[in-house]
Amino acid sequence: MKILLIEDDELIAQGIVSALSNDDTQVIHCPAAQPGLQLIHSPEQRPDLVILDLGLPDKDGMDVLGEINHPHHQTNHLPVLVLTARDTLAEKVRGLDRGADDYLTKPFELEELQARIRMLARRFKLTSHPCLKIGQVTLDTASYTVTVSGQTHPLPRREFALLQTLMENPGRIFSREHLIDRMYNWDEEVSSNSVDVHIHNLRKKVGTDFIRSIRGVGWLV
């Protein structure tokens, strides 16, 4: 797993890099927002997870969150853990609303930071195999793309989560409720036909017969 740490406090950064780096985890430290965003927007250098301070010297961390989670950017699936001294309830709510997947305030214990990273790794399946392949369909979990017969399509976050769920469990039927749980956070508004819309959009990319419907039950591949 590759972690990008955007933190301007050198002592804090050194402690985090030392605590998290091991054979399975690479930690890249950027002391400011712009070099971090350059890595995030580079498909070749993009990390699996971002630890983001909010009080950065060149750009407010809230604006960095907004840029990462912009709906038209391929980075909007990237998990972000905010690590900041801004500890008011209003700031926490604002950060989560801007797209943070977790919010930890300073001062903090390294053990708690490590536990939260493990939680995000499980939630986003960061330790799973980067590619899933069924027939002519290959899902790249690192780049959030699907390739069908040599043609590659980028996937929005929710379409990716839906297709990943189905392809990790071939032959298993998933209900509408289960797929909604995989695609949406608990506090997000969900329309009644959201699953149908995402299935329809995915079928345009993977073929109409790849995702099968079981009337009144659910979907499977």
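Predicted model: local features only at pLDDT ≥ 70, side-chain atom pairs only at ≥ 80, totals over all residues.
# Notebook: rings, sheets and a marked Asp

I started with aromatic rings and found one aromatic pair by the rule I used (rings of Phe, Tyr and Trp, the last by its six-membered ring, pair if their centres lie within 6.5 Å; planes under 30 degrees apart count as stacked, over 60 as edge-to-face and the rest as tilted). The partners are Tyr144 and Phe160, with ring centres 3.7 Å apart and planes at 20°, so I wrote the pair down as stacked. Tyr144 sits in the loop between S7 and S8 and Phe160 in helix H6, so the pair ties together parts that are 16 residues apart in sequence. Helices (H or I, at least four residues) and strands (E, at least two) are DSSP runs, numbered from the N terminus. Tyr144 and Phe160 are both buried (buried means under 20% relative accessible area, exposed over 50%, partly exposed in between, with a 1.4 Å probe and protein chains only).

Residues are numbered from 1 along each chain as its sequence is written, and side-chain values use heavy atoms, with hydrogens and water left out.

Most residues other than glycine have a negative phi, and most peptide bonds are trans. I went looking for exceptions. Tyr144 turned up again, with a positive phi near 55°; its relative accessibility is 8%, so Tyr144 counts as buried. Ser149 also has a positive phi, near 50°, and lies in the loop between S8 and S9. Is Ser149 buried or exposed? Ser149 is exposed, at 56% relative accessible area. I also found a cis peptide bond between Lys106 and Pro107, with omega about -5°. Pro107 belongs to the loop between S5 and helix H5 (110-123).

**The four-stranded sheet**

Next I traced an open sheet of four strands, in the order S6-S7-S8-S9, with antiparallel pairing (two strands pair if DSSP finds at least two bridges between them). S6 (131-134) and S9 (151-154) are the edge strands with a single partner each, so one side of each has no neighbour in the sheet. From one strand to the next, the twist averages 20°. Between S8 (residues 145-148) and S9 I noted four bridges, and Val146 stands opposite His153 in S9.

I picked Leu202 in helix H8 and found it buried, at 0% relative accessible area. Which residues is Leu202 in contact with, leaving aside neighbours within four places in sequence? They are Leu155, Glu159, Leu162, Leu163, Gly207 and Ile211 (contact means heavy atoms within 4.5 Å). I also checked Leu202 against Thr105: they are 97 residues apart in sequence and 39 Å apart in space, C-alpha to C-alpha.

Asp53 lies in the loop between S3 (49-52) and H3 (61-68) and is buried, with a relative accessible area of 5%. Beyond neighbours within four places in sequence, its contacts include Asp8, Thr84 and Lys106.

I then looked at S4 (residues 80-84) and S5, which run parallel and are joined by four bridges. Leu81 stands opposite Asp102 in S5. Both faces of S5 (residues 102-105) are covered, with Asp102 and Leu104 buried on one side and Tyr103 and Thr105 on the other.

**Helix H2**

In H2 (residues 33-40), I listed Ala33, Gly36, Leu37, Leu39 and Ile40 as buried. They cover an arc of only 155° around the axis, which puts them on the same side of H2 (the arc is that of the directions from the helix axis to the C-beta atoms). Their cover includes S1 (2-6), S2 (26-30), S3 and H3.

Last, I checked Thr75, in the loop between H3 and S4. Thr75 is buried, at 1% relative accessible area, and touches residues including Ile40, His41 and Arg46.

Terms used
Axes fitted to C-alpha atoms, helices over the stretch in contact; angles between N-to-C directions.
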